[in-house]
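Subject: Structure for your records

Hello,

Here is the structure I said I would pass on. My notes on it come after the display.

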Amino acid sequence: MKTRLGVLLGLLILPLTLSAASFKPGHDAVASAQPFATKAGMQVLAKGGNAFDAAVAVSAALAVVEPYSSGIGGGGFWLLHVAKDNRNTFIDGREYAPAAATATMYQDKNGDVIKGASLNGPLSAAIPGEVAALAYINKHYGRLSLAQDLAPAIKLAHDGFPLDRMFHEMIANRVDKLKQWPAAAAVFMPGGQVPPTGYILKQPDLARTLKLIANEGDAGFYRGRLAREMVDAVRANGGIWSLEDLRDYKVVLRQPLVGEYHGMKIISAPPSSSGGVVLLEALNILSGYDLSHDSNLMQKHFIIEAMRYAYRDRAEYLGDPAFVKMPIKRLLSPYYAAGLRVSILPDKATPSSDLAPVAAGAPESHHTTHISILDKDGNRVAATFTVNFRFGSGFMPPHTGVILNDEMDDFVSKPGVPNGFGLVGNSANAIAPHKRPLSSMTPTFLETPHGLAILGTPGGGRIISMVLLGTLDYFNGGDATSIVSIPRYHMQYLPDVVFYEPGAFTPDEVTGLGNMGYTLQRVTPYGNMQAITWDYKTGKLMAAADPRDIGTAEVR
Ligand code: DON
């Protein structure tokens, strides 16, 4: 009895005594998808910047050294934790559709979706949000000036840097797309050739654009000469941007979604991302099981089923909150999860066709980027941002150095017709003027009585299932290294297929899942997760970059 009481008291006291709010890590940590970007963050921290300055510096550097994934012609989400106020906030710097966009703009006169129209060229580009987000974060949360935060990126663009293996491969994979747009080809394929690794890639136009933003703030991008150059080039090549679209763009500040899984707090992305809703709905379903007592096969069965139900609701309900009413409260209620749980059989896969209908498609792996940052004072950033597919639309307005996104493909071009990630949806995510396309990007913080984790990844529709697996790994005692390394599997309702990396299932599990009725498809490794974990008791701070890619993590 005494011991029981002791444990109980311990459990009650622990959350009060050991919490991130009550003491500080004393070290800085940065994890990003590219070594020069990680260094840019460390440089700004060494100059007296905080995690928010580092986030601006790393994001801007990635626009230079990883422009196939993200950039100032794209957008994304920056989840911030402000240590001194013990407060979280979410900067929605997602692109929005131009005012001239319409729900059927990617359909032909027969109502069929025109292949590639939402993926290539300036008509596929939404109005970028990244510059507005970075300027906002610098102004409201940073300690240094915007020029100081952008300095490493400007230097990388101006002086150049040696092309890495990944960048080389990305150009090689996108030759056809880049060749269509002369300004982009001139930068990434000098002399019409794919440059070899080690080639010093200089981007003087991008350096000039970044300098303009350093001097004038976001007005340098959304108004004036650069805005005119971008709009003129977009319109001359079949796009529909206007100066007003750029002038009127604003970040939206949102309350992050907060949920709970067996005592672990999850802080994640609200709509216009589907990430937090799907993650929390899946965790709510899983909360009703005691997975630690189930066999590995049963655990995976329940996790896959939780993914299926949560991704189905993504397709049905989610979109930009400024345009659609979403039953978020219901979707995230424990009663709703309990209702779904009763329809999950212990020994059988649920055919997706048995659930209320929404169409199929084949996912493919692409690009986007995630950064995780923690500073010595306990400020945190988890940010995922993108130009969508590799090199976005491929279109670069001449003289700007800016690759424009193809984020319009994240909308539903036609209800039931899958997008580039095989994701389906309905009118909730239809195209409308100044509407934000539904995202899957899921920058997330996890907090337990014993420590915290910062995580996220690219991967299109697979992002949320990767973050779910990372979350469960952390809950089960994992650290930054295991969170980014564990083999992955994914189910997104439609297609009714479980995709899995080599090593995700044992041969027995493959047989077992097959016997339950699952269709399994082995895929090449995917994702590029960046994670930080901090253990309050031991003080151990770990940062890790996904071993599948070239990213780096530093702690100092
Ligand atoms: O916002 C989204 O969900 C997508 N545009 C993300 C694209 C992506 O992750 C591509 N990556 N591998």
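What follows covers the ligand site and then one arginine.

Please keep in mind that this is a predicted model.

The ligand site

The largest cavity is the space that the ligand takes up. There are 15 residues around the ligand, and those that come nearest are Thr368, Glu407, Asp410, Ser439 and Ser440. Sorted by class, this shell consists of 8 polar, 4 nonpolar and 3 charged residues.

- Glu407: a polar atom of the side chain is 2.6 Å from a nitrogen atom of the ligand.
- Ser440: here a backbone N or O atom lies 2.7 Å from an oxygen atom of the ligand.
- Arg94: an N or O atom in the side chain is 3.0 Å from an oxygen atom of the ligand.

On its own, the ligand has 340 Å² of accessible area, and the protein covers 98% of that.

Arg488

Arg488 sits in the loop that runs between helix H18 (480-485) and strand E13 (489-490). Is this residue, Arg488, buried or exposed? Its relative accessibility is 2%, and buried means under 20%, so Arg488 counts as buried.

One is the side chain of Asp546, with which the side chain of Arg488 makes a polar contact at 2.9 Å. The other is the backbone oxygen of Val484, which is 3.0 Å from a polar atom of the Arg488 side chain.

Regards

Technical notes. Residues are numbered from 1 along each chain as its sequence is written. This is a predicted model: local features need pLDDT of at least 70, side-chain atom pairs count only at pLDDT 80 or more; totals for chains, interfaces and linings use all residues. Side-chain values use heavy atoms; hydrogens and water are left out. Helices (H or I, at least four residues) and strands (E, at least two) are DSSP runs, numbered from the N terminus. Buried means under 20% relative accessible area, exposed over 50%, partly exposed in between (1.4 Å probe, protein chains only). A polar contact is a pair of N or O atoms within 3.5 Å; within protein, one must be able to donate a hydrogen and the other to accept it, and residues adjacent in sequence count only if both atoms are side-chain atoms. A residue is near a molecule or strand if one of its heavy atoms lies within 4 Å of it. Accessible areas come from the Shrake-Rupley method with a 1.4 Å probe; for residues, only the protein chains shown count as cover. On a 1 Å grid over the protein atoms alone, a cavity is a set of points where a 1.4 Å probe fits but cannot get out, and a pocket is an open set with protein on both sides within 12 Å along at least five of seven lines; lining residues have an atom within 4 Å of a point. A molecule sits in a cavity or pocket if more than half of its atoms lie within 2 Å of its grid points. Ala, Val, Leu, Ile, Met, Phe, Trp, Tyr, Cys and Pro count as nonpolar, Asp, Glu, Lys and Arg as charged, and the others, Gly among them, as polar.
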